[in-house]
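Please examine the chain shown below.

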Amino acid sequence: MARLHLGLVLTVCMAATRPSSAIRAGSLDSGQWWETKDFADFTKTARVRRAAEDLAGLESVYTQGYERAKALGNLAAQISYLSNLGTALMLAVRYAPALEAYLEASALAERVGDWSAFGGVAV
């Protein structure tokens, strides 16, 4: 239960920092996609999966979100989805792929100078 709460706190903290971080990261479409229906749909689906303790489904949602963000070139969204993917994998006790997702998110955050996201991933 403690892992679930920590993951939820991290998810909320990361989501709360996204709009300004997206702009700082220079994503051309950050204001056009990050806060749109696409993002809301991914978030809603992730909440449902998490509430149902469907970790495989949660992993799938975050993977799809990451792929969508990657296709759009939205680095802030990529960082967030990778970090959330790491949390989903950690909750599923899949530590090696969780670490890979966290390290990739951290490297992206460092590359674009998003120190808020960098710190969030480190937590």
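The sections that follow move from the whole chain to a single position.

## Overall fold

The model is predicted. Its protein chain contains seven helices and zero strands. Read from the N terminus, the order of elements is therefore α-α-α-α-α-α-α.

Of the 123 residues in the protein chain, 42% count as buried. The accessible surface of the protein chain amounts to about 6600 Å², and carbon and sulfur atoms account for 63% of that surface. Among contacts between residues at least 6 apart in sequence, 60% join residues at least 24 apart.

## The largest nonpolar core

The largest nonpolar core comprises 24 residues. Within this core, Tyr62, Ile79 and Tyr81 touch the most other members.

Five helices each supply at least two residues of this core: H3, H4 (55-72), H5 (75-91), H6 (95-112) and H7 (115-122). The most comes from H5, which gives eight residues.

## Thr45

Thr45 lies in helix H3, which spans residues 37-51. Is Thr45 buried, exposed or partly exposed? Thr45 has a relative accessibility of 32%. Because buried requires a value under 20% and exposed a value over 50%, Thr45 counts as partly exposed.

Definitions and conventions: Residues numbered from 1 in each chain as written. Predicted model: local features only at pLDDT ≥ 70, side-chain atom pairs only at ≥ 80, totals over all residues. Heavy atoms only, no water. Helix = DSSP H or I, 4+ residues; strand = E, 2+ residues; numbered from the N terminus. Buried < 20%, exposed > 50% of the residue type's maximum accessible area, 1.4 Å probe, protein only. Core = buried A, V, L, I, M, F, W, Y, C linked by side-chain atoms within 4.5 Å. Contact = heavy atoms within 4.5 Å. Areas by Shrake-Rupley, 256 points an atom, 1.4 Å probe, with all protein chains shown as cover.
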